[in-house]
Structure formats: structure tokens, C-alpha cells
Amino acid sequence: MSDEMTPDVSAADPAAKPAKSAGAHLGEREREGVIDLLGVIAYGSISGFTRMAADSEMASDMHLKTALAGMAVKEFTNYELLVSHIVELGGDPWEAMTPFKEAFDAYHARTKPRDVLEGLVKAYIGDGIANDFFREIARYVDDESREIIEQASGDDGRTEVIVGAVRDAIHKERTLAGPLALWGRRLVGEALSQGQLVAVERDALSELILGTSHDRPGAGLEEIGQIMTRLTDAHQKRMGALGLIA
């Protein structure tokens, strides 16, 4: 979840032919929903790549700069993985990502960090809750797609450098805690709002989540409530890890 898509990726070539019959067991409507979901996450990944690469330029500490650059590389690797699977499913990566571009760009425009610390909190809090959301929704897709989504939404440990940097900054200047806590709350509010918009942006994606387009169980109203509770709980833990009050 901005930034322009980077077209020079051979794996995302819409003209490429699927290397295998991925998704052959999926019904057409379910396949469309899965491609939509992959498109959402892929655009979020390429947006994250360009944003984190820019944030790494703002960091003066070499450990932090290296961690942010590494996170940017992971985002691009995730992007390639996701668009490759879109192609394998017979989809067009550009068509899959385009419907969600406006929502992601609006989120980034409204949550543009004013300094390095806000950028770090955004990378940890904003991206964290987005990845949690995608992993939750991945429970309702086929096994192969779920594995790819979980891989793309995983944490490789580099965020611990962010946690350490934010906690150190707050320890040195306690007055930073209040504004950063407010920033963290704003980020989660914006992320959840955009997530809800994204979920209803495409009928096939909504049907995938609700389980109305295939024979796999979807998320009923009670389960959606439980998902929101889990997302909120995970957010509070991340805020606590940063030394901030949720």
C-alpha cells in the first residue's frame, strides 16, 4: 500500500504463457477473486518497495538504512512472486492491480511521513496491519495461492531494527511518544478504512471473502468481527513493542 508501478519485470509480462495449469481446479468466479486479491497485494508490494527505498535515503544510521533497503528488496521480491502467480492463473498483472491503485495512492497521500521516525512507524504499523489483513483473507483461497500470499506477507525480522530505532528515539526524547502514538492510531484507522474499501471494490473479491462464489467456506458476519478483533489485538502489540500507547 503511491508510487508508480515498475513495469520492467519479465515475470509480470501479460503476454507470458502460464508455465503450468495453476488454478485449473478453481471455478471461473473463484479464479477472478483470487487474481483480484493477488492484484491488491502486488500493488501494495510495489508501492512498499518505492516508499521504503525512499525512506532508506532519509536514514543517516547505517544499520537502519540497510534494514530499510533490505525491506524494500523484499517488497520487490514479493511483487515478482505475486505477479508470477497472477500470470500462472491466466490473469493480466496490470489489470489485476489497476482497480486498487486509487485506494492505495490515497492512503499513502494521507499518511505521508514528515520525518524518518514517522516513516519508521508507518513501515512497522501500517504495513504490519496490512499484512495481517492479507493473511486473514488468504484463509479463504486455494492452498497454492494461500502459501504465496503468506510468503509475501511474512516478516523476515528486519522490522526489529525499526522497533529498536523508535524505542531509542523515545528514550532519548520522551516528548516524541505522544505524537508518535497519535500517528500510529491514525495509520491503523486509515489502513482499516482502505482495507474495507478494497474488499468491496470488486464483486469477485467480495464473493471470495464471503464464500458465495465457490464451495470453500467464507467469512460470515461473526467471523469478520473476529478478524477485526485479531487485527486490533495485533496492532496493540506492535504499538506496545514500539513503546507507544495504542
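Modeller: A helix here is a DSSP run of H or I covering at least four residues, and helices are numbered from the N terminus. What you see is a predicted model. The protein chain has nine helices and zero strands, and from the N terminus on its elements run α-α-α-α-α-α-α-α-α. Of its 246 residues, 50% are buried.

The part you asked about is helix H1, which spans residues 28-58. Two of its residues, Glu 28 and Arg 31, join their side chains in a salt bridge, with an N to O distance of 2.7 Å. Because they stand three residues apart in H1, about one helical turn separates Glu 28 from Arg 31. Arg 31 has a relative accessible area of 18%, so it is buried; the cut-off for buried is under 20%.

H1 also packs against helix H8, residues 203-210, with the axes 8 Å apart and an angle of about 100 degrees between them. H1 and H8 are therefore roughly perpendicular to each other, since angles of 65 to 115 degrees fall in that class. On the H1 side the contact is made by Arg 29, Glu 30, Glu 32, Gly 33, Val 34, Asp 36, Leu 37 and Val 40, and on the H8 side by Asp 203, Ala 204, Leu 205, Glu 207 and Leu 208. The residues of this contact between H1 and H8 divide into six nonpolar, one polar and six charged.

Ser 145 is placed in helix H5, and apart from neighbours within four places in sequence, Ser 145 touches Val 34, His 85 and Leu 89. Ser 145 counts as buried because its relative accessibility is 0%.

The side chains of Asp 143 and Arg 146 meet at 2.3 Å, N to O. Asp 143 and Arg 146 are three residues apart in H5 (residues 143-152), so about one helical turn lies between them. Here Asp 143 counts as exposed because its relative accessibility is 57%, and Arg 146 is partly exposed with a relative accessible area of 21%.

The structure holds 14 salt bridges. One of them pairs the side chains of Glu 190 and Arg 110 at 2.9 Å, N to O. Glu 190 belongs to helix H7 (residues 177-199) and Arg 110 to helix H3 (residues 93-110), so this pair ties together parts that are 80 residues apart in sequence. Glu 190 counts as buried at 17% relative accessibility; Arg 110 is partly exposed, with a relative accessible area of 35%. Elsewhere, Glu 136, Arg 139, Glu 223 and Arg 230 are linked in a network of salt bridges.

Two packed helices are described by the angle between their axes and the distance between the axes. Helix H4 (residues 116-137) and helix H6 (residues 159-172) have axes that come within 10 Å and cross at roughly 140 degrees. H4 and H6 are therefore oblique to each other, and their crossing is left-handed. From H4, Leu 117, Leu 120, Val 121, Ala 123 and Tyr 124 meet Thr 159, Ile 162, Val 163, Ala 165, Val 166 and Ala 169 of H6. This contact of H4 with H6 is made up of 10 nonpolar residues, one polar and no charged.

Ala 169 counts as buried because its relative accessibility is 17%. Setting aside neighbours within four places in sequence, Ala 169 is in contact with Leu 117 and Leu 176. Although Ala 169 and Leu 117 are 52 residues apart along the chain, their C-alpha atoms are separated by 8.3 Å.

Terms used:
Residues are numbered from 1 along each chain as its sequence is written. This is a predicted model: local features need pLDDT of at least 70, side-chain atom pairs count only at pLDDT 80 or more; totals for chains, interfaces and linings use all residues. Side-chain values use heavy atoms; hydrogens and water are left out. Axes are lines fitted to C-alpha atoms, for helices over the stretch in contact, and angles run from 0 to 180 degrees between N-to-C directions. Helices (H or I, at least four residues) and strands (E, at least two) are DSSP runs, numbered from the N terminus. Angles under 35 degrees count as roughly parallel, over 145 as roughly antiparallel, 65 to 115 as roughly perpendicular and the rest as oblique. A crossing is left-handed if the near helix is turned anticlockwise from the far one by less than a right angle, and right-handed if clockwise. Contact means heavy atoms within 4.5 Å. Ala, Val, Leu, Ile, Met, Phe, Trp, Tyr, Cys and Pro count as nonpolar, Asp, Glu, Lys and Arg as charged, and the others, Gly among them, as polar. Buried means under 20% relative accessible area, exposed over 50%, partly exposed in between (1.4 Å probe, protein chains only). A salt bridge is a side-chain nitrogen of Lys or Arg within 4 Å of a carboxyl oxygen of Asp or Glu.
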